[in-house]
Amino acid sequence: MPCRYVIDTEHGLVISTAWDRVTFDEVDAHQNRLAKDPDFDPQFKQLVDATKVTDLEVSIEEAKKIFGRKTFSSASRCAFLGKGLTILGMGRLIEAQAALFEGRESVRVFSDRQKALKWLGMENLP
C-alpha cells in the first residue's frame with residue numbers, strides 16, 4: 001500500500017506520506033489505521049507529503065468523503081505538500097472544502113516542505 005504515517009507525539013504531528021499510484025480505498029484504509037492507532041490524538045497537526053505520488057485515483061466526490069470523515073479535530077491544521085498539477089489541484093480542492101465547511105483556514109497546500117512546516121508551527125523539524 002503506497003501510504004504510511006509516522007506519529008510524532010512529542011511535537012503533536014502526524015506525517016502521512018504517499019507515493020506512486022494512490023486510490024481512494026488506500027487513502028480510506030490509511031485513515032482507518034490512523035484513527036485506531038493508540039498514539040493518535042485528533043488534536044495533532046498533520047503534514048501530508050504527496051510529493052512522490054504519480055497518479056491519484058480519487059474522484060471529487062471521494063475527496064469530499066475523505067475530508068468529511070473528520071479524523072482530525074476542527075482545530076487541527078493540515079499542510080498538504082505536493083508536486084504536479086493533478087496532485088496540487090486535489091490539494092486545492094481539499095483546501096477549499098475545509099474553508100467552506102469550517103469557515104477557517106485548516107488546510108493549506110504547499111510545494112515547499114519548509115514553508116509547510118512553518119505554517120504548522122514546526123519550522124525546526126527536519
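**Legends to close-up views of a predicted chain**

View 1. Of the 126 residues in the chain, 45% are buried, where buried means under 20% relative accessible area, exposed means over 50%, and partly exposed covers the range in between, with a 1.4 Å probe and protein chains only. The model is a predicted one, in which local features need pLDDT of at least 70 and side-chain atom pairs count only at pLDDT 80 or more, while totals for chains, interfaces and linings use all residues. Residues are numbered from 1 along each chain as its sequence is written, and side-chain values use heavy atoms, with hydrogens and water left out. The chain has 4 helices and 5 strands, these being DSSP runs numbered from the N terminus (H or I of at least four residues for helices, E of at least two for strands). Read from the N terminus, the order of the elements is β-β-α-β-α-β-α-β-α. The radius of gyration is 13 Å, close to the 14 Å that the globule rule gives for 126 residues, so the chain is as compact as a globular protein of that length; the radius is taken over C-alpha atoms, and the rule is 2.2 Å times the number of residues to the power 0.38. Along the principal axes, the C-alpha atoms fill a box of roughly 35 × 30 × 30 Å.

View 2. Among contacts between residues at least 6 apart in sequence, 75% join residues at least 24 apart, a contact being heavy atoms within 4.5 Å. The accessible surface comes to about 7,000 Å², and 53% of this surface belongs to carbon and sulfur atoms; the areas come from the Shrake-Rupley method with a 1.4 Å probe, and for residues only the protein chains shown count as cover. There are 18 positive and 19 negative side chains, with the centres of the two sets 4 Å apart. Lys and Arg count as positive and Asp and Glu as negative, leaving out His and the chain ends, and each charge is placed at NZ of Lys, CZ of Arg, CG of Asp or CD of Glu.

**View 3. The largest nonpolar core.** This core has 20 residues, and those with the most contacts inside it are Val22, Val53, Leu56, Val58, Phe80 and Ile87; a nonpolar core is a set of buried Ala, Val, Leu, Ile, Met, Phe, Trp, Tyr and Cys residues joined through side-chain atoms within 4.5 Å. Two or more residues are given to this core by each of β2 (13-23), α1 (24-36), β3 (45-57), α2 (60-68), β4 (78-82), α3 (85-102) and β5 (107-110). Strand β3 supplies the largest share, 4 residues. Beyond its neighbours within four places in sequence, Val53 is in contact with Ala18, Trp19, Asp20, Val22 and Ile87. Another core, of 11 residues, lies apart from the largest one and includes Ala116, Leu117, Trp119 and Met122.

**View 4. Leu34 in helix α1.** Leu34 is found in helix α1 and is buried, with a relative accessible area of 1%. Not counting residues up to four places away in sequence, Leu34 touches Tyr5, Ile7, Val14, Phe40, Gln46, Thr71 and Phe72. The C-alpha atoms of Leu34 and Ile7 are separated by 9.0 Å, although the two residues are 27 residues apart along the chain.

View 5. Asp20 has its place in strand β2, where its phi is near 55 degrees, a positive value in a residue other than glycine. With 43% relative accessibility, Asp20 counts as partly exposed. Asp28, found in helix α1, is partly exposed as well, at a relative accessible area of 24%.

View 6. Thr9 lies in the loop between β1 (3-8) and β2 and counts as partly exposed at 47% relative accessibility. Leaving out residues up to four places away in sequence, Thr9 touches Asp39 and Phe44. Between the C-alpha atoms of Thr9 and Lys52, 43 residues apart along the chain, the separation is 25 Å. Asp112 is found in the loop between β5 and α4 (113-119) and is partly exposed, with a relative accessible area of 34%. The C-alpha atom of Asp112 is separated by 9.2 Å from that of Lys83, 29 residues away along the chain.
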